[in-house]
Amino acid sequence: MSELHKFLFEGLPVRGVIVRLTDAWQESLQRRAANTETGPYPEPVSELLGQMSAAAILMQANIKFNGALVLQVFGDGPVKLSVVEVQPDFGFRATATVQGEVAPDALLSQMVNQNNEGRCAITLDPLERLPGHQPYQGVVPLFDDRKEKIENLSEVLEHYMLQSEQLDTTLVLAANSKVAAGLLIQRLPLEGEGNLAGRYDAVERESALGKDEDYNRISILSKSLKPEELLGLDVDSILHRLFWEEPLLRFEPLVGETGPRFHCSCSRERVGRMIKSLGTAEVESILAERESIEVGCEFCGQQYHFDPVDAAGLFTQAESSPPTGPAVH
């Protein structure tokens, strides 16, 4: 079962989060693979989406944001756009738009950053956004300060966290067809934390970024975690393997209904309302040309089939809710 674990290093200015997506990640891939129009993602694309899913859940857990966190990677390669959306309750969904061939061993730059035009965007969209207020969005390039292409999503997001929150962050991400997992380690803010309050003045706060010995030690330990270990070991084994000498304070893990899980807002009922909104004449015209109406969710890939009997039933059943627009989300 998918799970999310938060922990602190007692007496030290460092916190951590670890996530393992198993059933939830497999469901996301299975929906896409079952789509007869698109088929499964190429392996490098599914690995990228898995890493993005783990990273987005880690960030959502870390900031405690009451709204959707949307992580996007887009650029000039065959993968035009990849998106992961995570709700405050850790329900997530993921999708990618692929136009062209993706080599079995394609790197991040080959998929989305062939000419250094790739970008990574993080959007925070509050659930109770006031009219006229736009969601917050931060964007970083997929290259470093020397314009060299970055091949690891974790490095891109570490750069984003340092820019946006001015907090040193270490990320380890890995994904395959069965598991998507991630570990986030972050140095706590220099203000507002009991074990740090009053420790630095304004000048020292700036110079302290990236120089905390405790954080640096824990970061080095975290970076020693191999992808196969992150994917193959359980959470207890990972934390013991990395931090057996560190004073860990662990919180109750989030699993099941409180933990990360696949969730897409599409449904057969919503699709049915969309088809009904077309009107009887249009639906009959479509069915005159084909055996059934087939609609696929552009986000998760789930396909919904309506044969003539299903379609006729849409116009004979009692209204339960007003029709929606023509798009499925």
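Q: What counts as a helix or a strand here?
A: Helices (H or I, at least four residues) and strands (E, at least two) are DSSP runs, numbered from the N terminus. The model is predicted.

Q: Where is Leu-127, then?
A: Leu-127 sits in the loop between β6 (119-126) and β7 (136-141).

Q: Is that residue buried or exposed?
A: Leu-127 counts as exposed, because its relative accessibility is 53% and the cut-off for exposed is over 50%.

Q: Which residues does Leu-127 touch, leaving out those up to four places away in sequence?
A: Leu-127 touches Asn-66, Gly-67, Gln-87 and Pro-88. Gln-87 is 40 residues from Leu-127 along the chain, and their C-alpha atoms are separated by 9.3 Å.

Q: Turning to pockets, how much space lies in the largest pocket?
A: The largest pocket holds about 540 Å³. It is lined by 27 residues, and Gln-51, Glu-151, Asn-152, Leu-153 and Leu-173 are the closest to its centre.

Q: Which elements give two or more residues to that lining?
A: They are α2 (43-63), α3 (108-112), α4 (153-165), β8 (169-175) and α7 (227-232).

Q: How does the lining of the largest pocket divide?
A: There are 17 nonpolar, 3 polar and 7 charged residues.

Q: And what of the second largest pocket?
A: The second largest pocket has about 380 Å³ of space. Among its 22 lining residues, Arg-32, Thr-38, Cys-297, Glu-298 and Phe-299 lie nearest the centre.

Q: Which element gives the most to the lining of the second largest pocket?
A: β5 does, with 5 residues. The lining of the second largest pocket comprises 9 nonpolar, 8 polar and 5 charged residues.

Key:
Residues numbered from 1 in each chain as written. Predicted model: local features only at pLDDT ≥ 70, side-chain atom pairs only at ≥ 80, totals over all residues. Heavy atoms only, no water. 1 Å grid on protein atoms, 1.4 Å probe; cavity = no way out; pocket = protein on both sides within 12 Å on 5 of 7 lines; lining within 4 Å. Points joined across faces, edges and corners; volume = space filled by probe spheres on them. Nonpolar A, V, L, I, M, F, W, Y, C, P; charged D, E, K, R; others polar. Buried < 20%, exposed > 50% of the residue type's maximum accessible area, 1.4 Å probe, protein only. Contact = heavy atoms within 4.5 Å.
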